[in-house]
Amino acid sequence: MSAIAVTRFGLGARPGELADVAADPAGWLRGQIRPAEGADQPQAAPETAMTRLQAFREYRADVAAARREGDTADRDPVQIAARMLREGTAVDFLARARLAATTPAGFRERWTLFWANHFTVSAVKLITATVVGPFEQEAIRPHVFGRFEDLLVASTAHPAMLLYLDQAQSVGPGSPAGQFLKRRPRPALRGGINENLAREILELHTVGVDGGYSQGDVTEFARALTGWSVGGLREAPAQQGAFLFRANAHEPGARTIMGKTYRPGGLDQTGAVLKDLAVHPATARHVCTKIARHFVADDPPPSLVARLEAAWTASGGHLTRVAEALISAPEAWEPAPRKFKTPYEFLISSWRAIGGQPAAIEHLAPPLRAMGQQAFSPPSPKGWSEEAMTWAAPDAIIKRMGWSEGFSAVVAADLDPNAIAAGALGARLGEPVRKAVARAESRQEALSILLMSPEFQRR
Amino acid sequence: MTRFTPSRRALLAAAGGLGLSVGFIGRAAFADEAVGRRKLITIVARGGMDGLSVSPPVGDPDYAGLRGRIAIPAEAALKLDGTFALHPALAGVHALALKGQARIAPAIASPDRARSHFEAQDVLESGGAVVYGTASGFLNRALRAAGGRTIEALSVGATAPLILRGPVQTASWSPGAVGEGSPRLPGILADLYAGDPLLAPALASGLETEAMAATATVSQTGMGGGMAAPGQGGVAGFVRQGQATARTLGKTVAGFMTQPDGPQIVAISVDGWDTHANQGAAEGQLATRLLYLDALISGLNDGLGDSWEDTVVVVATEFGRTARINGTGGTDHGTGSTALLLGGALKPGGIIGDWPTLRSEALFENRDTRPTLDMRGLFKGVLADHLGIDRAALDSVVFPGSADVRAVAGVV
């Protein structure tokens with residue numbers, strides 16, 4: 001039980017952790033739920049999304065100025081951008097990995113990473129490249145044990161999401177701003193609706209692709225969302241880089257979405273839509289299936305999904321209740337591990353196994369990239385895959401093996417591999433692997449075998 | 001402790017930055033020797049590639065009005081016929097078209113109509129009629145249908161694309177070497193993985209392909225150094241570097257294919273086509289992706305050498321984009337798009353399929369290019385005529401329940 005609690009629900013065992021948990025594994029998990037405080041914050045005094053976005057916009061203004069002045073030698077925009085990306089993002093990602101490697105509350109962090117992936121903002125887009133870390137700190141972490149509705153609103157209203165999914169410039173054609181823009185001589189400046197965020201909220205964040213919405217619902221929702229924007233350089237300093245509702249860009253009128261009509265009301269109208277989506281039965285089904293898939297199996301038992309759904313529905317989407325239902329579900333404690341670790345989970349659990357933590361971004365970013373999970377950069381709004389088939393391609397196994405050997409070469413000298421194996425896997429350590437570790441010809445080889453063992457690669 | 005060869009290292013950095021990934025399926029035991037020489041390369045453009053920019057119908061009277069400032073100007077476009085042209089970034093493709101070695105299918109779509117990237121990619125790659133209709137990729141099943149005995153599969157790129165997943169274990173490789181660790185470790189792990197359905201075949205296949213990969217890259221030496229130094233010349237330098245990288249990747253893939261036991265079928269993915277905002281026209285975001293695509297194709301063409309005559313390349317995407325420009329200088333998820341067919345094995349000819357026009361009454365749901373051709377029909381034609389795959393198998397196994405979808409004839 002303790003090995004399952006720490007490796008499947010958590011992020012892997014640190015030396016001695018299994019023994020501490022053994023008395024009451026389920027109680028250890030429940031004790032990590034913090035309805036009021038939410039998740040841990042990787043950085044005590046982080047840079048905010050607002051600061052980062054302001055810096056990014058100033059940089060863009062600089063680029064424009066440099067172009068006008070024909071002065072690219074001193075201020076090469078590519079180099080400035082590369083430096084911004086490197087520094088800010090690297091600090092955020094390293095802090096997050098160090099929290100994961102050292103936290104005594106591994107379940108709380110895994111639960112948090114699930115939600116960050118559910119509401120993906122990716123660094124693949126230049127404008128959001130520096131704000132993925134702040135987005136997690138500001139929009140996700142405070143709400144992970146609160147109501148789903150609060151998490152949905154916080155993520156939707158966060159500047160990072162509004163920019164990532166192209167919402168910030170969406171203008172209702174019937175709004176005062178839309179009417180004004182329509183008269184502009186240059187079509188480039190006339191503006192209009194962008195339906196990207198509306199579609200992904202429906203498809204990915206709430207009811208799911210089979211949730212019963214049509215193209216018409218997407219378009220109506222996109223109209224309702226017009227006006228949700230981010231303060232730019234023309235706004236007052238306090239609004240720059242922050243959420244801004246532009247009432248004059250909001251499409252006037254009532255909206256009908258999934259059969260329900262929402263009366264005109266600006267910000268309140270969209271709030272009402274989000275509230276309804278949050279408690280829609282299809283949302284409970286879609287999100288609970290994803291939770292079960294993340295924690296238990298790529299193809300999760302329907303009975304487990306039903307339990308989570310019941311807890312969700314009874315509590316109106318209170319995530320503390322859903323987490324408790326997961327911990328209480330017998331399906332989640334099946335001995336056979338059915339989840340293959342993602343590259344991030346594999347690296348973090350390796351550091352935890354030896355009681356270490358990554359010291360520099362160079363120890364993290366290159367291997368993650370090689371294994372297919374580049375830092376903060378899921379390829380699409382769907383987030384990272386939950387499927388073993390995605391991560392267990394032959395090349396990825398070879399890359400994991402190469403990384404394990406390199407890692408072991410650096411850290412294994414002073415370690416007792418037999419103790420590490422027992423401490424990392426406890427009752428999950430099988431006899432063949434235990435023997436292979438014990439018989440290895442060097443500490444390095446022994447640790448590599450452990451990290452690459454079928455039981456360590458899974459959870 | 002880890003040893004890299006420079007060219008492979010460069011490829012790793014580069015392929016990651018471009019969002020490129022490549023998969024291979026090895027040669028099946030085709031009875032016919034001529035068929036055994038033939039090569040098929042599929043390039044899946046992920047994110048919804050805008051057909052109306054790839055092959056702009058500049059002669060269609062409604063095109064310029066619908067597209068506004070993102071319309072490709074007729075004078076900049078590379079003319080194909082009275083209606084169609086190619087995007088100016090596709091100069092290499094256009095040169096092939098003039099030789100009868102590139103054609104367009106300008107109104108093609110998979111059977112999916114949900115406009116979800118993930119659902120539409122699944123339908124495209126699985127070959128099913130509906131989403132989740134089948135869990136494996138149609139290229140993988142096509143090899144079985146060819147009576148393949150020893151099928152070796154290799155995917156280059158850290159994750160395996162659905163199009164070649166399936167009952168046949170596919171190998172994979174991405175640039176960046178294993179390093180020289182303990183020579184014992186692979187053997188020990190192979191023992192520990194015995195009976196593990198996920199890890200045992202993956203490890204075995206990964207180890208086997210390392211040797212092949214090394215040979216392929218060594219045979220292409222001299223190209224890995226072709227990348228421009230980063231940072232030189234700002235954004236334009238980045239684009240040039242991307243083009244050089246894409247061309248190198250194309251040549252390297254070609255190097256795999258021209259080895260004696262090299263793969264006969266290759267699947268490449270290219271990301272970055274979801275142009276909701278500021279997609280640009282003759283220049284801009286989409287133009288940059290098209291420059292990379294053009295360079296990749298030209299690298300394949302150069303690297304294949306004489307084998308280009310035995311090759312068909314298909315560039316396909318999960319859906320097209322809205323016919324009208326949206327409010328943010330981009331386009332939203334649509335339906336019909338363009339597929340590109342290239343290669344020396346192609347029969348010359350005009351557009352593939354019918355052009356529905358962009359008249360408002362012709363648009364699908366009053367917003368998208370109306371598809372007139374089923375993607376499965378195009379692949380059926382190529383698989384049957386180029387690789388000799390049995391037609392009954394195409395209707396039932398490769399594309400389940402698709403007897404009513406006619407194979408496109410006269411392409412190969």
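This is a predicted model: local features need pLDDT of at least 70, side-chain atom pairs count only at pLDDT 80 or more; totals for chains, interfaces and linings use all residues.
I call a residue buried if 20 or more other C-beta atoms lie within 10 Å of its own, exposed if 12 or fewer, and partly exposed in between, with C-beta atoms placed from the backbone.

A note on bookkeeping: residues are numbered from 1 along each chain as its sequence is written, while chains are lettered from A and ligands numbered from 1 in the order in which they are written. As for confidence, local features need pLDDT of at least 70 and side-chain atom pairs count only at pLDDT 80 or more, whereas totals for chains, interfaces and linings use all residues.

Next I looked up the secondary structure of chain B, which comes to 13 helices and 11 strands. Here helices (H or I, at least four residues) and strands (E, at least two) are DSSP runs, numbered from the N terminus.

I then checked contacts in chain B, where two residues count if their C-beta atoms, placed from the backbone, lie within 7 Å. Of those between residues at least 6 apart in sequence, 75% join residues at least 24 apart.

**Strand β2 of chain B**

I turned to β2(B), residues 39-45, and found seven of its seven residues buried. Which residues sit on each side? K39(B), I41(B), I43(B) and A45(B) are on one face, and L40(B), T42(B) and V44(B) are on the other. I remind myself that in a regular strand the side chains alternate between the two faces of the sheet.

For partners I used the rule that two strands pair if DSSP finds at least two bridges between them. β2(B) runs parallel to β9(B), residues 311-317, with seven bridges, and L40(B) stands opposite V312(B) there. β2(B) is also parallel to β8(B), residues 265-270, through six bridges; I43(B) has I268(B) as its bridge partner in that strand.

**Strand β5 of chain B**

With β11(B), residues 373-374, the pairing is parallel over two bridges, and I108(B) is partnered by L373(B).

**A loop residue, A135(B)**

I picked A135(B), which lies in the loop between α6 (117-126) and α7 (138-145) of chain B. Why is A135(B) classed as partly exposed? A135(B) has 13 other C-beta atoms within 10 Å, so it counts as partly exposed. F118(B) is 17 residues from A135(B) in sequence, and their C-alpha atoms are 14 Å apart.

**Chain A overall**

Along the principal axes, the C-alpha atoms of chain A fill a box of roughly 80 × 60 × 40 Å. Buried residues make up 56% of chain A.

I compared spans with the expected value, 1.5 Å times one less than the number of residues. Helix α4(A), residues 49-69, should span 30 Å with its 21 residues, and its end C-alpha atoms are 30 Å apart, which agrees. Its buried residues include A49(A), L53(A) and F56(A).

Helix α14(A), residues 281-295, reaches 21 Å, close to the 21 Å expected. Among its buried residues are H286(A), C288(A) and F295(A). What covers the buried residues of α14(A)? I noted α1 (2-9), α6 (106-118) and α13 (267-278) of chain A among the elements that do.

**Cores and domains**

Last, I looked at nonpolar cores: sets of buried Ala, Val, Leu, Ile, Met, Phe, Trp, Tyr and Cys residues joined through C-beta atoms within 7 Å. The largest has 138 residues, and A160(A), F221(A) and L450(A) are among those with the most contacts inside it. Helix α17(A), residues 343-354, gives this core its largest share, seven residues. Domain 1 (165-278) and domain 2 (343-457) of chain A both contribute, so this core lies between them; the bounds come from an automatic or database domain assignment. A second, separate core of 93 residues includes A97(B), L162(B), L293(B) and L340(B).
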